[in-house]
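Hi,

Here is the structure I promised to pass on.

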Amino acid sequence: MPETIRIFDTTLRDGEQSPGFSMTPEEKLRLARPLEELGVDVLEAGFPIASEGDFSAVQAIARECRETRVAALARAVEADIRRAGDALRPAARPLLHTFIATSDIHLKHKLKRTRAQVVADTYTAVRLAREYAGEVEFSAEDATRSDREFLLEVLAAALEAGATVLNIPDTVGYSVPGEYAALIAHIRQHLPGVEKAILSVHCHDDLGLAVANSLAALAAGARQVECAVNGIGERAGNASLEEVVMALRVRGDALPFATGIRTEKLYPVSSQLAEITGIGVQPNKAIVGRNAFAHTAGIHQDGMLKSPLTYEIMTPSTVGIAASQLLLGKHSGRHALQARLELLGWLVPRERLDAVYQAFLQVADRQKLVDDVRLQEIALGAGLASLGQPAAAGAAGSGAGRR
Ligand code: KIV
Ligand code: ZN
């Protein structure tokens, strides 16, 4: 049996605090339900000290979501922790998440605290957090730019105070996979008692490496990954939940880990987030982008018509997308055009195919994609005979299906 990785979703916290993604408590609650149904192990609902709205969002989600752990964020200061603890009171499975920065850059320029003070703050914060929740996660903010010996000292204080999860964030998306994996391995090797806690990773995407770094850390022994739907989060975002989960599912041979995620709900949840925030994903976004299962090049369409194995490494239904799409444009070939016209109910005799294709290319040269309405016009213009009822246009459709 592959080991199970905990999926810690931070869409409603790190994701929500990024520009353009802020949500009202009602919107957060609307998204919390599908996230729970998706099967996330931890749902970080907000940062209660930040605003009344975030406090009530965490409280409402804590009341509503009884299966998943509900987490609230707090700096390593008393007022934050008490506020987060109060918001979590109705939770069936509360997790209090407290953090402090450990890099010298943050200590000097932001916190203006000495290393000794940060160790003491960590211990006091985790102790207090344990009064509110059975599960306490400690995050060493900017861990990847921290001195390793000092990082170990802070993590040891968190462990001694009762932290059940130790999170090693790449806060500014600075690390690269080999280096991040080595850091996780170093902590596992040199932190006494590390086996008492779950090692967690939290990666930002400033260099486009958040998912790669997260996967490398799992291979090195981390057992929780923090991520967000559609990869939203501070600046360039967090590791994308759907990418991490599908990499583990599709590449189980290289990454022998399971998750509790119901992958067929990935696309619906991604769409709900886009609908609530009004911000969609780029068309070429892995897993959930409009083009993730769309093919226009003739060679690819020909391959897809022969077997989807040629150009798809997962079936669209695994992630909740109805069907692949063969979109018709100037790069498409005769084979795909014929298949589409026949699906639309037109008979395309072999000797007519070339003429129909030339008529199609004239349209395709003027517009990016040729939709079914234009195809019907081309078929009528070419005098093709109708077969009667069109076949269902779902599979390999030129526009039917997803959005
Ligand atoms: O990026 C970060 O370091 C964070 C912590 C609060 C976990 O978001
Ligand atoms: Zn973060």
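This is a predicted model: local features need pLDDT of at least 70, side-chain atom pairs count only at pLDDT 80 or more; totals for chains, interfaces and linings use all residues.

Residues are numbered from 1 along each chain as its sequence is written, chains are lettered from A and ligands numbered from 1 in the order in which they are written, and side-chain values use heavy atoms, with hydrogens and water left out.

Metal first. The zinc ion (ligand 2) is held by Asp 14 (OD), His 202 (NE2) and His 204 (NE2), at 2.0 to 2.1 Å. Donors here are N, O and S atoms within 2.8 Å of the metal (3.2 Å for Na, K and Ca), and water is not among the atoms, so the site may look incomplete. Along the sequence, the donor residues follow the spacing D-x187-H-x1-H. Both histidines count as buried: His 202 has 5% relative accessibility and His 204 has 3%. (Buried means under 20% relative accessible area, exposed over 50%, partly exposed in between, with a 1.4 Å probe and protein chains only.)

Now ligand 1. The residues around it are Arg 13, Asp 14, His 97, Phe 99, Ser 139, Glu 141, Asn 167, Pro 169, Thr 171, His 202 and His 204, where being near takes a heavy atom within 4 Å. That shell splits into 2 nonpolar, 6 polar and 3 charged residues; Ala, Val, Leu, Ile, Met, Phe, Trp, Tyr, Cys and Pro count as nonpolar, Asp, Glu, Lys and Arg as charged, and the others, Gly among them, as polar.

Which side chains have an N or O atom 3.1 Å from an oxygen atom of ligand 1? Those of His 202 and His 204. For the side chain of Arg 13, an N or O atom sits 3.0 Å from a ligand 1 oxygen. Taken alone, ligand 1 exposes 260 Å², and the protein buries 94% of that (Shrake-Rupley areas, 1.4 Å probe).

Last, the cysteines. Counting a disulfide as a pair of cysteine sulfur atoms within 2.5 Å, I get 0 disulfides. For Cys 65, the nearest cysteine sulfur is that of Cys 227, 16 Å away. For Cys 227, the nearest is that of Cys 203, at 10 Å. Cys 65 is buried at 1% relative accessible area, and Cys 227 is buried at 0%.

Cheers

Methods: A polar contact is a pair of N or O atoms within 3.5 Å; within protein, one must be able to donate a hydrogen and the other to accept it, and residues adjacent in sequence count only if both atoms are side-chain atoms.
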